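Walk through this model with the viewer open. Start with the charged pairs, then move to the rings and the core.

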Amino acid sequence: PTTAVAELRGGWRFTPGDSVVYSQPGHNDAAWRVIEVPGTWGRRGIPALRGYGWYRIHYSVDSVPEEPLGVRFAGVTTAFEAYVDGRLIGGTGDFPPHYRARSLVAVILSLPSEAVTRGEHVLAVRVYSNERVGGITELVQAGPLEELEAEDFRVSAFIIGVALLVIGLSIHQVLYWARRPEAMEHLFLFIFAASLGVMFLM
(Lines give C-alpha, C1' and ligand atoms only; values in the text may rest on other atoms or scores of the structure.)
Protein backbone atom coordinates (compact mmCIF):
# COMPACT_ATOMS: atom_id res chain seq x y z
CA PRO A 1 0.00 0.00 0.00
CA THR A 2 1.07 3.53 -0.78
CA THR A 3 0.00 7.11 -0.15
CA ALA A 4 -0.56 7.44 -3.92
CA VAL A 5 -2.50 5.11 -6.19
CA ALA A 6 -0.14 2.44 -7.54
CA GLU A 7 -0.63 -0.33 -10.07
CA LEU A 8 0.07 -3.84 -8.79
CA ARG A 9 1.47 -5.48 -11.91
CA GLY A 10 4.60 -7.39 -10.97
CA GLY A 11 5.55 -9.43 -7.93
CA TRP A 12 2.55 -11.77 -8.01
CA ARG A 13 2.84 -15.52 -7.54
CA PHE A 14 0.33 -18.00 -8.92
CA THR A 15 -0.64 -21.64 -8.51
CA PRO A 16 -3.57 -23.66 -9.87
CA GLY A 17 -5.72 -25.58 -7.42
CA ASP A 18 -7.51 -24.64 -4.23
CA SER A 19 -6.65 -24.77 -0.53
CA VAL A 20 -7.63 -22.62 2.42
CA VAL A 21 -3.99 -22.43 3.49
CA TYR A 22 -3.17 -20.37 0.37
CA SER A 23 -4.74 -17.33 2.03
CA GLN A 24 -2.54 -17.57 5.12
CA PRO A 25 0.45 -15.22 5.43
CA GLY A 26 2.71 -18.02 6.67
CA HIS A 27 2.19 -20.24 3.63
CA ASN A 28 5.37 -20.85 1.64
CA ASP A 29 4.72 -19.74 -1.96
CA ALA A 30 8.37 -19.75 -3.07
CA ALA A 31 7.69 -22.55 -5.57
CA TRP A 32 4.71 -20.78 -7.14
CA ARG A 33 4.94 -19.37 -10.65
CA VAL A 34 5.98 -15.69 -10.79
CA ILE A 35 3.39 -13.86 -12.83
CA GLU A 36 2.30 -10.39 -13.89
CA VAL A 37 -1.24 -9.07 -13.91
CA PRO A 38 -3.45 -8.27 -15.65
CA GLY A 39 -3.71 -11.17 -18.07
CA THR A 40 -5.71 -14.33 -18.68
CA TRP A 41 -4.31 -17.65 -17.55
CA GLY A 42 -3.69 -18.63 -21.18
CA ARG A 43 -1.73 -15.45 -21.89
CA ARG A 44 0.44 -16.13 -18.84
CA GLY A 45 1.40 -19.62 -19.98
CA ILE A 46 -1.24 -21.51 -17.99
CA PRO A 47 -3.37 -23.09 -20.76
CA ALA A 48 -6.54 -25.15 -20.48
CA LEU A 49 -7.18 -24.29 -16.84
CA ARG A 50 -10.79 -24.51 -15.72
CA GLY A 51 -11.29 -24.32 -12.01
CA TYR A 52 -9.44 -22.59 -9.20
CA GLY A 53 -6.26 -20.57 -9.20
CA TRP A 54 -4.64 -18.50 -6.46
CA TYR A 55 -2.58 -15.32 -6.66
CA ARG A 56 -0.43 -13.93 -3.85
CA ILE A 57 1.56 -10.72 -3.54
CA HIS A 58 3.68 -9.70 -0.55
CA TYR A 59 3.91 -6.11 0.62
CA SER A 60 5.52 -4.29 3.52
CA VAL A 61 4.38 -1.30 5.55
CA ASP A 62 7.06 1.02 6.98
CA SER A 63 4.75 3.56 8.62
CA VAL A 64 1.07 3.43 9.47
CA PRO A 65 -0.91 5.57 6.97
CA GLU A 66 -3.15 8.36 8.25
CA GLU A 67 -5.91 7.71 5.70
CA PRO A 68 -7.86 4.53 4.84
CA LEU A 69 -6.33 2.42 2.08
CA GLY A 70 -7.91 0.03 -0.36
CA VAL A 71 -7.44 -2.18 -3.39
CA ARG A 72 -9.32 -1.80 -6.66
CA PHE A 73 -9.85 -4.77 -8.96
CA ALA A 74 -10.96 -3.49 -12.38
CA GLY A 75 -12.02 -6.98 -13.46
CA VAL A 76 -11.50 -10.64 -12.56
CA THR A 77 -12.76 -13.55 -14.68
CA THR A 78 -15.06 -14.95 -13.48
CA ALA A 79 -15.45 -15.08 -9.68
CA PHE A 80 -13.01 -14.15 -6.93
CA GLU A 81 -12.36 -13.57 -3.26
CA ALA A 82 -9.58 -11.41 -1.84
CA TYR A 83 -7.83 -12.03 1.48
CA VAL A 84 -5.30 -10.02 3.47
CA ASP A 85 -3.26 -12.06 5.93
CA GLY A 86 -5.92 -14.77 5.80
CA ARG A 87 -8.87 -12.43 6.37
CA LEU A 88 -11.55 -12.24 3.68
CA ILE A 89 -12.07 -8.63 2.56
CA GLY A 90 -14.50 -9.14 -0.34
CA GLY A 91 -14.97 -10.26 -3.94
CA THR A 92 -17.52 -10.77 -6.71
CA GLY A 93 -19.38 -13.71 -8.21
CA ASP A 94 -20.11 -17.06 -6.57
CA PHE A 95 -18.13 -20.29 -6.40
CA PRO A 96 -19.42 -23.84 -6.97
CA PRO A 97 -21.79 -25.41 -6.21
CA HIS A 98 -23.71 -22.18 -6.84
CA TYR A 99 -21.40 -20.86 -9.53
CA ARG A 100 -22.23 -17.37 -10.80
CA ALA A 101 -19.88 -15.58 -13.16
CA ARG A 102 -19.32 -11.84 -12.64
CA SER A 103 -16.58 -11.03 -15.11
CA LEU A 104 -15.13 -7.54 -15.54
CA VAL A 105 -17.02 -6.04 -12.61
CA ALA A 106 -14.88 -3.37 -10.95
CA VAL A 107 -14.79 -3.54 -7.16
CA ILE A 108 -13.00 -1.52 -4.48
CA LEU A 109 -12.11 -3.33 -1.26
CA SER A 110 -11.14 -1.53 1.92
CA LEU A 111 -8.02 -2.75 3.70
CA PRO A 112 -8.65 -3.42 7.40
CA SER A 113 -6.49 -1.59 9.92
CA GLU A 114 -4.48 -4.73 10.74
CA ALA A 115 -3.50 -4.99 7.06
CA VAL A 116 -1.61 -1.68 7.18
CA THR A 117 0.34 -2.13 10.39
CA ARG A 118 4.13 -2.08 10.25
CA GLY A 119 5.64 -5.24 8.87
CA GLU A 120 5.08 -7.81 6.12
CA HIS A 121 1.65 -8.67 4.77
CA VAL A 122 0.14 -10.85 2.04
CA LEU A 123 -2.72 -10.08 -0.34
CA ALA A 124 -4.14 -13.37 -1.69
CA VAL A 125 -6.76 -13.70 -4.42
CA ARG A 126 -8.78 -16.87 -4.99
CA VAL A 127 -10.13 -17.05 -8.55
CA TYR A 128 -12.55 -19.51 -10.14
CA SER A 129 -13.49 -19.82 -13.79
CA ASN A 130 -15.35 -22.51 -15.66
CA GLU A 131 -15.15 -20.51 -18.89
CA ARG A 132 -12.73 -20.40 -21.81
CA VAL A 133 -10.65 -17.75 -20.00
CA GLY A 134 -9.93 -16.94 -16.38
CA GLY A 135 -7.69 -14.93 -14.10
CA ILE A 136 -7.11 -11.35 -12.98
CA THR A 137 -7.82 -9.95 -16.42
CA GLU A 138 -7.88 -6.22 -15.63
CA LEU A 139 -5.77 -3.77 -13.67
CA VAL A 140 -5.25 -4.00 -9.90
CA GLN A 141 -4.54 -0.75 -8.02
CA ALA A 142 -3.79 0.04 -4.39
CA GLY A 143 -3.78 3.35 -2.56
CA PRO A 144 -5.91 5.81 -0.61
CA LEU A 145 -9.52 4.66 -0.56
CA GLU A 146 -10.80 8.14 -1.41
CA GLU A 147 -8.64 8.37 -4.53
CA LEU A 148 -9.62 4.88 -5.68
CA GLU A 149 -13.30 5.76 -5.31
CA ALA A 150 -12.78 9.02 -7.22
CA GLU A 151 -11.09 7.11 -10.06
CA ASP A 152 -13.91 4.57 -10.07
CA PHE A 153 -16.44 7.41 -10.30
CA ARG A 154 -14.61 8.94 -13.27
CA VAL A 155 -14.58 5.61 -15.10
CA SER A 156 -18.27 5.01 -14.32
CA ALA A 157 -19.22 8.52 -15.43
CA PHE A 158 -17.40 8.02 -18.73
CA ILE A 159 -19.13 4.68 -19.36
CA ILE A 160 -22.54 6.16 -18.53
CA GLY A 161 -21.84 9.08 -20.86
CA VAL A 162 -20.93 6.76 -23.72
CA ALA A 163 -24.01 4.62 -23.03
CA LEU A 164 -26.35 7.63 -23.09
CA LEU A 165 -24.77 8.84 -26.33
CA VAL A 166 -25.28 5.45 -27.97
CA ILE A 167 -28.88 5.25 -26.72
CA GLY A 168 -29.50 8.77 -28.06
CA LEU A 169 -28.22 7.69 -31.47
CA SER A 170 -30.48 4.64 -31.35
CA ILE A 171 -33.52 6.83 -30.63
CA HIS A 172 -32.60 8.99 -33.63
CA GLN A 173 -32.49 5.86 -35.80
CA VAL A 174 -35.89 4.57 -34.69
CA LEU A 175 -37.49 7.99 -35.22
CA TYR A 176 -36.06 8.07 -38.75
CA TRP A 177 -37.39 4.56 -39.37
CA ALA A 178 -40.84 5.57 -38.06
CA ARG A 179 -41.00 8.25 -40.78
CA ARG A 180 -39.68 5.88 -43.44
CA PRO A 181 -40.68 2.28 -42.56
CA GLU A 182 -39.15 0.98 -45.78
CA ALA A 183 -35.68 2.00 -44.52
CA MET A 184 -35.21 -1.16 -42.47
CA GLU A 185 -31.50 -0.55 -41.98
CA HIS A 186 -32.38 2.20 -39.50
CA LEU A 187 -34.48 -0.26 -37.47
CA PHE A 188 -31.56 -2.68 -37.38
CA LEU A 189 -29.23 0.15 -36.33
CA PHE A 190 -31.68 1.08 -33.56
CA ILE A 191 -31.75 -2.49 -32.23
CA PHE A 192 -27.96 -2.75 -32.35
CA ALA A 193 -27.28 0.66 -30.76
CA ALA A 194 -29.95 0.24 -28.07
CA SER A 195 -28.57 -3.19 -27.12
CA LEU A 196 -25.04 -1.77 -26.99
CA GLY A 197 -26.16 1.13 -24.80
CA VAL A 198 -27.99 -1.15 -22.37
CA MET A 199 -24.93 -3.44 -22.21
CA PHE A 200 -22.77 -0.47 -21.18
CA LEU A 201 -25.20 0.35 -18.37
CA MET A 202 -25.38 -3.20 -16.99
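How many salt bridges does the count come to? The count comes to six, where a salt bridge is a side-chain nitrogen of Lys or Arg within 4 Å of a carboxyl oxygen of Asp or Glu. This is a predicted model: local features need pLDDT of at least 70, side-chain atom pairs count only at pLDDT 80 or more, and totals for chains, interfaces and linings use all residues. Residues are numbered from 1 along each chain as its sequence is written, and side-chain values use heavy atoms, with hydrogens and water left out.

First, the overall layout. The protein chain has two helices and 10 strands. Helices (H or I, at least four residues) and strands (E, at least two) are DSSP runs, numbered from the N terminus. Their order from the N terminus is β-β-β-β-β-β-β-β-β-β-α-α. Of the 202 residues, 41% are buried. Buried means under 20% relative accessible area, exposed over 50%, and partly exposed in between (1.4 Å probe, protein chains only).

Back to the salt bridges. Aspartate 18 pairs with arginine 126, with the closest N and O atoms 2.8 Å apart. Aspartate 18 lies in the loop between strand 2 and strand 3 and arginine 126 in strand 9, so this pair ties together parts 108 residues apart in sequence. Aspartate 18 is partly exposed at 37% relative accessible area, whereas arginine 126 is buried at 15%. Asp18, Glu81 and Arg126 are linked in a network of salt bridges. Another bridge joins glutamate 114 to arginine 87, closest N and O atoms 2.2 Å apart. Glutamate 114 sits in the loop between strand 8 and strand 9, arginine 87 in strand 7, 27 residues apart.

Arginine 126 has a second contact to look at. Its charged end sits over the ring of phenylalanine 95, 4.5 Å from the centre. The rule asks for NZ of Lys or CZ of Arg within 6 Å of the ring centre and within 35 degrees of the ring normal. Arginine 56 lies over the face of tryptophan 32, at 5.8 Å from the ring centre.

Now the rings. The structure holds 10 aromatic pairs. Rings of Phe, Tyr and Trp (its six-membered ring) pair if their centres lie within 6.5 Å; planes under 30 degrees apart count as stacked, over 60 as edge-to-face and the rest as tilted. Why is the pair of tyrosine 22 and tryptophan 32 edge-to-face? Their centres are 5.1 Å apart and their planes are at 80°, so the pair falls in that class. Tyrosine 22 is buried at 16%, and tryptophan 32 is buried at 10%. Tyrosine 52 and phenylalanine 95 are stacked instead, 5.8 Å centre to centre with 20° between the planes. Tyrosine 52 is in strand 4 (residues 51–61), and phenylalanine 95 is in the loop between strand 7 (87–92) and strand 8 (107–110).

Trp12, Phe14, Trp41 and Tyr55 form one aromatic cluster. Trp12 and Tyr55 return in the largest nonpolar core, among the residues with the most contacts inside it. That core has 31 residues. A nonpolar core is a set of buried Ala, Val, Leu, Ile, Met, Phe, Trp, Tyr and Cys residues joined through side-chain atoms within 4.5 Å. Strand 4 gives the largest share, four residues.
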